[in-house]
Amino acid sequence: MLNPALAQGKHTFNAIADNQLALMAALLLEVLIRHFSLHGQDVMAFLLIWLQLLAESSPILLAHYFAARCVGCSALTHRFRWSGIIWGAGFVGYPLLYFWLMAQSHLFASWSLFSVQGWLLLMAASCGYGLSQWLAQRNASARFQLISRLFSLNSVLLLLMTAWAVIMAGIFASNDDPVRNQPLQAVINSHTVIVNFEFFLHYLWQFWLMGSGVLLICWLNRYLLIRRLLARNGVFAYIAGCLISIILLTPLLSAIVLMLPLNIAEFTFLPSQDYNIFDPDNFRFCFVVLLISTPVILAFERQQQEKALAEVAQRQSQTELQLLQQQVNPHFLFNTLNNLYALTLSGSTQAPTLVLQLANLLRYTVYEGQQQRVPLTQEIQYLQDFLALQTIRSGEKCQLSVTWPEHAGHWQIAPLLLITVLENAFKHGVEPSQLRCNIELRISIENGWLRMRCINSLRDSPRQQPPGIGLDNLRRRLALLYNGKHRFSSQQQAGCWHAELTLELEPC
């Protein structure tokens, strides 16, 4: 098991990496476009452009990170409002101020690389990240499952193809006679595109049709070659199907491309750049499309299968947790009713107080105990109520030594985990004993990890008791809820029972 400090550092690094991944992709795309527009071939020039854009975009990256953290913190009362304010300040306020400074200073404008295009790319990446997180948290609803399908592999490929067609049409519309003036700068002049919008549309539908040919090859590869031939008949049948597809599709799609008005006598938009639909370059291009799309499709198909299996496993785990929870509640109720029964037999005036304490505990068990996570403060309060109830029952026979954690309000935990350890101490340490006994309870928080240590004295000759279900249920629940993020041990040492639990908490 990792050291808690190292585990916390790894968790923080993974969270930052996941948060910034989409924005880094958008930023690198802008860097590449800038590098292309300058016809650069120097690696150092590419790195300098990246570092400058990274510095100029850093307020936007920070705003995206802290806005996402505000949404993820359930302890923040107005988290969505604050998240919107932070996001707006970074993605709207900062760019407007930046562009205003560029308009005021010609020297600053000539130095800066940050542009409207880069701003829109970063905004699209941030919105895409937020939408993916939103859909991931609401995938149980049929409506949100329908929205999720819009972001399937097919939809993403269609979106990328359309984006490519729009970009290419914008570049061609920004240049005079673009087919004959190759190579073109990878820059879109928005003013020229608006003025020559009819040319933009003229180029758009042709590039969209060319992209559709590539998309058709990918869909054929996915639904016919991979799902039918590869999955059912093996690799040899798949290779044969790919060969047939390349031989038949290449001339057909090449002939369709040659019908486009973009082609001129001395240049065509075929990979071979001539009018020969059987040119080897055309077949090579079709082969490359299949070669690149195959691992992507296979990876996506595997992800979909793993996701389906994970959903089945999650439903099974939830069912098992519910069964375990149903075992925990009667076990606790049985022990507490025994305490109440003993007090009523003796005519104790503390019986009404015990009933009230029991009602509070059962209220927490029924309502909060069914939640996936609860604030750690509520779980601590539940332990304190339990100790108050047991103090009434045991009187002066049991000496308690308790230490509670600080800053518990910053963390959350699965409900009704800690009570099992404490309940076991009373069941096997206090109740069977006729003499004075001790219970030492220490709960602390270190670097996001909760440490619970409970030591209870045992009588000299404990009678044999069948093993209870409490600790077994606890171990199983920990394995389901905190797999790889906990450690639990319980054993007898020097006349005392030592139980230690360590688990990684989740921030509120």
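Predicted model: local features only at pLDDT ≥ 70, side-chain atom pairs only at ≥ 80, totals over all residues.
Figure 1. E301 sits in helix 11, which covers residues 280-346. The relative accessible area of E301 is 14%, so this residue counts as buried.

**Figure 2. The aromatic pair F172 and F207.** The rings of F172 and F207 form an edge-to-face pair, with 4.9 Å from centre to centre and 75 degrees between the planes. F172 belongs to helix 7 and F207 to helix 9 (residues 197-233); the two are 35 residues apart, and their pair links distant parts of the chain. Both partners are buried: F172 has a relative accessible area of 3%, and F207 has one of 1%. A search of the whole structure gives 18 aromatic pairs. Elsewhere, ring pairs join Y94, Y98, F99, F108, W111, F114 and W119 into a cluster.

**Figure 3. Helix 7, residues 153-173.** Helix 7 has 21 residues, and at 1.5 Å a residue it should span 30 Å; its end C-alpha atoms lie 30 Å apart, so the two values agree. Buried residues in this helix are L153, N154, M161, A165, A169, G170, I171, F172 and A173.

**Figure 4. The largest nonpolar core and a second one.** The largest nonpolar core has 46 residues, of which L422 and L503 touch the most other members. Helix 13 (residues 376-394) gives the most to this core, contributing eight residues. A separate second core holds 20 residues, among them A173, L258, L260 and L262. In soluble globular proteins, nonpolar side chains tend to be buried together.

**Figure 5. Surroundings of L503.** With residues up to four places away in sequence not counted, L503 touches I413, L417, G448, W449, L450, L478, Y482, K485 and H486.

Figure 6. C127, at 42% relative accessibility, counts as partly exposed.

**Figure 7. L356 in helix 12.** L356 lies in helix 12, made up of residues 351-367. This leucine is exposed, with a relative accessible area of 53%. Along the chain L356 and L389 are 33 residues apart, and their C-alpha atoms are separated by 9.3 Å.

**Figure 8. The protein chain as context for the close-ups.** The protein chain contains 15 helices and eight strands. Of its 508 residues, 37% are buried. The chain exposes about 29,200 Å², and carbon and sulfur atoms supply 63% of that area. Among contacts between residues at least 6 apart in sequence, 68% join residues at least 24 apart.

Note on methods. Residues numbered from 1 in each chain as written. Heavy atoms only, no water. Buried < 20%, exposed > 50% of the residue type's maximum accessible area, 1.4 Å probe, protein only. Core = buried A, V, L, I, M, F, W, Y, C linked by side-chain atoms within 4.5 Å. Helix = DSSP H or I, 4+ residues; strand = E, 2+ residues; numbered from the N terminus. Contact = heavy atoms within 4.5 Å. Areas by Shrake-Rupley, 256 points an atom, 1.4 Å probe, with all protein chains shown as cover. Expected span 1.5 Å × (residues − 1). Phe/Tyr/Trp six-rings, centres within 6.5 Å; stacked < 30°, edge-to-face > 60°.
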